Amino acid sequence: MAYVITDNCVACGTCMPVCPTESISEGDIYKINPDTCIDCGSCAEVCPSEAIMPGE
């Protein structure tokens, strides 16, 4: 299951450079493309606002 970014996202950009598949896109709240996310958790590990979690 792909990771998801919640409303706690502060759009800081910390997650983007650690994503090995470049699945994260910018916005007011960043988004993760579920079709390319490999469920590695790298983004969640670096998120300062704990806004990234495993999807359901």
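Guide: The model is predicted.

Visitor: What about buried residues, what percentage of the chain do they make up?

Guide: Of the 56 residues in the protein chain, 30% are buried.

Visitor: Switching to the fold. Which pattern does the chain follow along the sequence?

Guide: The order is β-β-β-α-β, which comes from one helix and four strands. The radius of gyration is 10 Å, close to the 10 Å from the globule rule for 56 residues, so the chain is as compact as a globular protein of that length.

Visitor: And the contacts between residues at least 6 apart, what percentage join residues at least 24 apart?

Guide: For the protein chain that figure is 57%.

Visitor: Now S23. Where is it found?

Guide: S23 sits in the loop between strand 1 (3-5) and strand 2 (24-25).

Visitor: Buried or exposed, and why?

Guide: S23 counts as buried because its relative accessibility is 5%, and the cut-off for buried is under 20%.

Visitor: Which side chain does it have a polar contact with?

Guide: The side chain of T21, at 2.6 Å. A polar atom of the S23 side chain also lies 3.4 Å from the backbone nitrogen of C37.

Visitor: Which residues is S23 in contact with, leaving aside neighbours within four places in sequence?

Guide: S23 is then in contact with K31, I32, N33, T36 and C37.

Conventions. Residues numbered from 1 in each chain as written. Predicted model: local features only at pLDDT ≥ 70, side-chain atom pairs only at ≥ 80, totals over all residues. Heavy atoms only, no water. Helix = DSSP H or I, 4+ residues; strand = E, 2+ residues; numbered from the N terminus. Rg over C-alpha atoms; globule rule 2.2 N^0.38 Å. Buried < 20%, exposed > 50% of the residue type's maximum accessible area, 1.4 Å probe, protein only. Contact = heavy atoms within 4.5 Å. Polar contact = N/O pair within 3.5 Å; in protein donor to acceptor, adjacent residues only side chain to side chain.
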